[in-house]
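Here is a walk through one chain and its two ligands, written for someone with the model open alongside.

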Amino acid sequence: MRSVDAHLAEILATVRPLAPLELDLEQTLGATLAEDVTSPVPLPPFDNSAMDGYAVRAEDLAELPVTLPVIDDVAAGSTELRAVGPGHAVRIMTGAPLPAGADCVVPVEWTDGGTVSVFIDRRAEPGNAIRRAGEDVQAGEVVLKAGTLIGAAQLGILAGVGRKRVLARPRPRVVVISTGSELVEPGGQLAPGQIWDSNSFTLTAAVREAGGEGFRSGSVGDDPAVLLDRLDTALVRADAVITSGGVSMGAYEPVKEALSPLGTVAFEKVAMQPGMPQGFGVLGDDQVPIFALPGNPVSSFVSFQLFVRPALDKMRGLPAGLPQTVAARTTEPLRSPSGKRSFLRGVLAADGTVSPVHGQGSHQLAALAAANALIVVPEDVTEVPAGASVEVMRL
Ligand SMILES: Nc1nc2c(c(=O)[nH]1)N[C@H]1C(S)=C(S)[C@@H](COP(=O)(O)OP(=O)(O)OC[C@H]3O[C@@H](n4cnc5c(N)ncnc54)[C@H](O)[C@@H]3O)O[C@H]1N2
Ligand code: MOO
Ligand SMILES: [Mg+2]
């Protein structure tokens, strides 16, 4: 048997970061920047008002209350500005450029709101409610470094510095294929012996949660030839492929049968529970990674978290490794097979305790859905007493 760490190491040694592409701004959510992005201008580009109010000279507020003539009215976007002379006020809106001569803004709440003249009864210090040019970003400053994962805020600052296109590693495109002649699409009728296909949905959703683009290709039954045909189609658009089922010791194991002869996909027993039987390798001239995950729903889900997610991180140009763990105290005794790392499904509570869910079989998908964490029991531990500290991966 191969250890969890050795299996992941083999996977990470094989997968490569995707090549950067010029992406349209709107395609960049979840992509990873492949260039340092600088701002061509300072941000804000000009001194402007932080509040709706009146731009004045602070020296004119020396004696309060005071009434000043309103000589102009500037909205955000205004370009023709009259300078604020001594004893003058300009009505100004948030974001509007500060007129020359003014050195502070009096918020409208401190005034009578007048449009011809304004009555002010509260002092504003020089600089009050003014946002200075370059206060956020200097011209030429790097706002995002290569390697940054683009979320909503990062996408926002790309737009904020005027970028329409950026060089970034795209989200990996992953095709998900399930195998098994017992599978029926949800919504269809079950005949005796049949079940609804859940893995193709779970794994496609897991790809999306992990920052990839998931394409669900549905089930190919148990025929290795149909699988090979489906893989040919998938390879046209896929950066990686995931299959579920057909990798164990049965008489009909289409994934193993189809891929073993190619010599580029190895089927292993990984020393873990669940998820022991699985395969990994590459397909086609482009050496597209393929993850042949076990059919049991919990086994394929756990294998995804341990192996596919880090591989997708690497393809995205992000740091890649086993999911982080946190320490927790188990509320119940735990058992684990000797020589395998166990990933028990549990509920991690706010008080730092974790409770294994009822139903630890690798077919028990409802129990997985009730869990929010995997309790990791090392290979050399077979029993953990209640109250002991355990490592936990959040789901
Ligand atoms: N003699 C042995 N039998 C089995 C072994 C073994 O070592 N010796 N390993 C067991 C373990 S562990 C696992 S895990 C499974 C792996 O099975 P396969 O990858 O070959 O998957 P299948 O046989 O196709 O299906 C297993 C199980 O999962 C259900 N399944 C499959 N696909 C789906 C799907 N898309 N949605 C929902 N459920 C699915 C399928 O109906 C089976 O119940 O092998 C054990 N056997
Ligand atoms: O390893 Mo299997 O994944 O236990 O059910
Ligand atoms: Mg099987």
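This is a predicted model: local features need pLDDT of at least 70, side-chain atom pairs count only at pLDDT 80 or more; totals for chains, interfaces and linings use all residues.

## Two cis prolines

Pro274 sits in the loop between β19 (272-273) and β20 (277-283), and a cis peptide bond with omega of about -5 degrees joins Gln273 to Pro274. Residues are numbered from 1 along each chain as its sequence is written, with chains lettered from A and ligands numbered from 1 in the order in which they are written.

Another cis bond links Leu43 and Pro44, with omega of about -10 degrees. Pro44 belongs to the loop between β3 (37-38) and β4 (48-49). As background, most peptide bonds are trans, and most residues other than glycine have a negative phi.

## The two ligand shells

Gln273 and Pro274 turn up again around ligand 2, along with Gly275, Met276, Pro294, Asn296, Ser299 and Ser362. A residue counts as near a molecule if its C-beta atom, placed from the backbone, lies within 6 Å of it. Sorted by class, that shell holds three nonpolar, five polar and no charged residues. The classes work like this: Ala, Val, Leu, Ile, Met, Phe, Trp, Tyr, Cys and Pro are nonpolar, Asp, Glu, Lys and Arg are charged, and the others, Gly among them, are polar.

Ligand 1 has 28 residues around it, and Asn199, Gly245, Ser248, Pro294 and Gly295 come nearest. Its shell splits into nine nonpolar, 16 polar and three charged residues. Helices α3 (199-209) and α6 (297-315) each put at least two residues into the shell around ligand 1.

Which residues of α3 are buried? They are Asn199, Ser200, Thr202, Leu203, Thr204, Ala206 and Val207. Buried means 20 or more other C-beta atoms within 10 Å of the residue's own, exposed means 12 or fewer, and partly exposed is in between, with C-beta atoms placed from the backbone. The cover over these α3 residues includes β13 (173-178), β16 (213-219), β17 (240-244) and α6. Just after the helix, Gly211 takes a positive phi of about 90 degrees.

UniProt, in an unreviewed entry, lists residues 175-314 as "domain: MoaB/Mog". Its positions are given in the numbering used here, feature names are shortened, and annotations may be inferred rather than shown by experiment. The span is 35% helix and 29% strand, and its end C-alpha atoms lie 17 Å apart.

Ala129 is in the loop between β9 (117-120) and β10 (130-131), and it is buried, with 21 other C-beta atoms within 10 Å. Gln287 is in the loop between β20 and β21 (288-293); with 13 C-beta neighbours inside 10 Å, Gln287 counts as partly exposed.

## Pro170 and its contacts

Pro170 lies in the loop between β12 (165-169) and β13, and 21 C-beta neighbours inside 10 Å make Pro170 buried. Setting aside neighbours within four places in sequence, Pro170 touches Leu18, Leu21, Leu23 and Ala31, where a contact means C-beta atoms, placed from the backbone, within 7 Å.

## Strand β22 and its partners

Strand β22 (residues 326-330) pairs with β28 (residues 389-394) in the antiparallel sense over four bridges, and Ala328 stands opposite Val390 there. β22 also pairs with β25 (residues 353-356), this time in the parallel sense over two bridges; Thr330 has Val354 as its bridge partner. Pairing requires at least two DSSP bridges between the strands.

## The whole chain

The chain comes to seven helices and 28 strands. Its radius of gyration is 31 Å, well over the 21 Å that the globule rule gives for 395 residues, so the chain is more spread out than a compact globule. That radius is taken over C-alpha atoms, and the rule is 2.2 Å times the number of residues to the power 0.38. The C-alpha trace spans about 95 × 50 × 45 Å along its principal axes.

Buried residues make up 41% of the 395. Among contacts between residues at least 6 apart in sequence, 69% join residues at least 24 apart.

Key
Two residues are in contact if their C-beta atoms, placed from the backbone, lie within 7 Å.
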